[in-house]
Amino acid sequence: MKRLATAALTGILLTGGLAAVAQPTQAAPDRQAAAVSGTAVSRAAAGSTGTYYFLFDKNQSDPTKSKLSYMKSVPGQDKVIKSYRAGSGNGSKDECAPMRGWLPNGSYKVLGHEKHKAGGKKGINGYAIHVQDKYCKDGRTKRTELFIHSEMKPNGEQGAKLPGQDNPYRWDGVRDYYSYACIKLTPNHIRDLFRTADRYGWPKQLKVVS
């Protein structure tokens, strides 16, 4: 079980094991296929502004089974280069609920990325991609401190397994897809996402759709 972060950490994805949320029962996330190549997505739905961009497609039936894709802009239809299972929020689909709901739809600037972020036990560590703040549909509630990240130590390695506990520096299972808003991937998947972006180019935009 996790302790909720303070208001200053609104929007930060922590360890995911929130007491109020039932844990899904399914296979370990790192066993799932990371790549989906050659899939086309309508540009009208994706709306990119550049050669490459991130696309987060929210799953209405299960927010923890949403999808983050690394996209390439091409004439007519955009192409999925890589696609990964991802989560956003603690299961709530209320985009105006700080520290509970998933990300609002829309376009976000990608502000930067790093492999050795040191956010401490209650923060984001290791591989992290920072995106801009976003007002939700009520026009008043701003979702802040938004990242694409995982659970790991600042050096990118996994923490030790703690029997009977959830280690905030370790991916312990599917419950770690839960968050306070940001987009969360398994450690293997976010490393692969970084390798993909290093190879093809770093996107300057994230699109969130549902």
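1. Two helices and eleven strands make up the chain's elements. Helices (H or I, at least four residues) and strands (E, at least two) are DSSP runs, numbered from the N terminus. In order from that end, the elements read β-α-β-β-β-β-β-β-β-β-β-α-β.

2. A word on the basis. This is a predicted model: local features need pLDDT of at least 70, side-chain atom pairs count only at pLDDT 80 or more, and totals for chains, interfaces and linings use all residues. Residues are numbered from 1 along each chain as its sequence is written, and side-chain values use heavy atoms, with hydrogens and water left out.

3. Of the 210 residues in the chain, 53% are buried. Buried means under 20% relative accessible area, exposed over 50%, partly exposed in between (1.4 Å probe, protein chains only). The chain exposes about 9500 Å², and carbon and sulfur atoms supply 49% of that area. Accessible areas come from the Shrake-Rupley method with a 1.4 Å probe; for residues, only the protein chains shown count as cover.

4. Contact means heavy atoms within 4.5 Å. Take the contacts between residues at least 6 apart in sequence: 65% of them join residues at least 24 apart.

5. The largest nonpolar core has 30 residues. Such a core is a set of buried Ala, Val, Leu, Ile, Met, Phe, Trp, Tyr and Cys residues joined through side-chain atoms within 4.5 Å. F54, L68, I148, I183, L185, L193 and L206 have the most contacts inside it. Two or more residues each come from β2 (52-57), β3 (66-72), β4, β5, β6 (125-131), β9 (146-149), α2 (187-200) and β11 (205-209). Another core, of five residues, lies apart from it; Y53, L55, M71 and V209 are among its members.

6. L185 deserves a look. Neighbours within four places in sequence aside, L185 contacts L68, Y84, R85, A86, I148, H149, S150, W171, I190 and L193.

7. There is one disulfide, counted as a pair of cysteine sulfur atoms within 2.5 Å. C96 is joined to C136, S to S 2.0 Å. The torsion about their S-S bond is about 105 degrees, so the disulfide is right-handed. C96 sits in the loop between β4 and β5, and C136 in the loop between β7 (134-135) and β8 (142-143), so the pair ties together parts 40 residues apart in sequence. Both C96 and C136 are buried.

8. C182 is another cysteine to check. C182 counts as buried because its relative accessibility is 0%.

9. S92 lies in the loop between β4 (77-88) and β5 (106-118). S92 is buried, at 14% relative accessible area. Beyond residues up to four places away in sequence, S92 touches R100, G101 and W102.
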